[in-house]
Amino acid sequence: MLIAGNWKMNLRYEDIINFKETLYDLNLDNRVEMAVFPQFPLLYYAKKYLLDCNIEVGAQTCSSELKGAYTGDVSVEVISDIGCKYCIVGHSERREFHNETNGFVKKASTLLLSKNIIPIICVGESKEIKIKKTTNQFIKSQIKECVPDNINSNLVIAYEPLWSIGTGIIPEYEEIFNVHNIIIKELSHIENLKVIYGGSVNMENCSKIFKLNNVHGALIGGSSLKFKDFLAIYKSAVKQII
């Protein structure tokens with residue numbers, strides 16, 4: 001399983017020190033991986049400081065171009081040099097505020113894979129699509145348009161219903177199960193595929209989410225900023241596989 005904390009545009013250098021201190025008495029289980037995704041200026045420091053904790057560090061996005069005159073963008077080469085194992089691509093906030101299209105996601109993910117970085121591709125439907133009951137078709141279309149061609153191993157898909165992110169509301173557990181099944185069937189040719197859930201994951205609901213046998217972890221936003229809560233979610237994941 002993968003428990004990933006997306007810190008978004010939050011936390012600072014000293015918070016990485018505080019995070020490491022909260023890990024002091026935590027025994028990580030090698031069957032449940034923990035990763036954090038700080039802001040870009042913190043990546044190198046986080047990777048260096050958390051190295052002996054066996055915590056993976058990933059980027060929140062990347063450029064769809066390898067190099068060039070793209071002020072403010074960050075290349076997959078730099079992310080690779082830092083030692084990031086993962087990179088989130090196509091998060092709903094990036095799609096909404098930075099116009100990251102399905103085409104962008106596919107191109108960026110292809111570059112990441114060329115540098116042996118595992119993309120965490122975010123997919124999910126809006127409230128309008130849910131109401132129209134066309135979620136299944138929408139997710140299938142997103143998968144087709146976002147996932148790189150000829151990929152056969154090492155990919156993470158994060159199912160994040162747009163209407164759930166930051167609202168405290170999650171889908172029915174049966175809905176999560178059904179959408180994850182669709183994703184797994186669409187990508188059945190990919191080895192080491194993980195399908196994780198994101199959207200208002202917290203200490204109260206994580207246990208039931210992790211009991212779903214096709215949920216391979218979680219992408220956590222707000223609760224990852226409260227380190228004790230984040231570790232409690234991690235421990236809940238460990239309990240589900242014992």
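How many helices and strands are there in the protein chain? In this predicted model, the count comes to 10 helices and eight strands.

Figure 1. Along the principal axes, the C-alpha atoms fill a box of roughly 45 × 45 × 30 Å. Of the 242 residues, 51% count as buried. Take the contacts between residues at least 6 apart in sequence, and 73% of them join residues at least 24 apart.

Figure 2. S5 covers residues 118-123, and six of its six residues are buried. Both faces are covered: Ile118, Ile120 and Cys122 sit on one side, with Pro119, Ile121 and Val123 on the other. S4 (residues 86-89) runs parallel to S5 and is joined to it by four bridges. Look for valine 89 here, standing opposite isoleucine 121 of S5. S6 (residues 153-159) also pairs with S5 in the parallel sense, over four bridges. In that pairing, cysteine 122 has alanine 158 of S6 as its bridge partner.

Figure 3. S2 (residues 33-37) is largely enclosed by the rest of the structure, because five of its five residues are buried. Glu33, Ala35 and Phe37 point one way from the strand, while Met34 and Val36 point the other way. Even Glu33 is among the buried residues here. S1 (residues 2-6) pairs with S2 in the parallel sense, over five bridges. Asparagine 6 is placed opposite phenylalanine 37 of S2.

**Figure 4. Serine 64 in its loop.** This residue lies between strand S3 (56-59) and helix H3 (76-82). Is serine 64 buried or exposed? Serine 64 is buried, since its relative accessible area of 13% falls under the 20% cut-off. Leaving aside residues up to four places away in sequence, serine 64 touches Phe104, Lys107, Ala108 and Leu111.

Figure 5. Leucine 111 belongs to helix H5 (residues 102-114). With a relative accessible area of 18%, leucine 111 is buried as well. Not counting residues up to four places away in sequence, leucine 111 touches Ser63, Ser64, Glu65, Leu66 and Val76. Cysteine 62 makes a handy landmark: its C-alpha is 9.4 Å from that of leucine 111, although the two are 49 residues apart in sequence.

Figure 6. Threonine 167 is found between S6 and helix H8 (173-186). Threonine 167 counts as partly exposed, because its relative accessibility of 42% lies between the 20% and 50% cut-offs. Glutamine 240 is 73 residues away along the chain, and the C-alpha atoms of threonine 167 and glutamine 240 are separated by 25 Å.

Terms used:
Residues numbered from 1 in each chain as written. Predicted model: local features only at pLDDT ≥ 70, side-chain atom pairs only at ≥ 80, totals over all residues. Heavy atoms only, no water. Helix = DSSP H or I, 4+ residues; strand = E, 2+ residues; numbered from the N terminus. Buried < 20%, exposed > 50% of the residue type's maximum accessible area, 1.4 Å probe, protein only. Contact = heavy atoms within 4.5 Å. Pairing = 2+ DSSP bridges.
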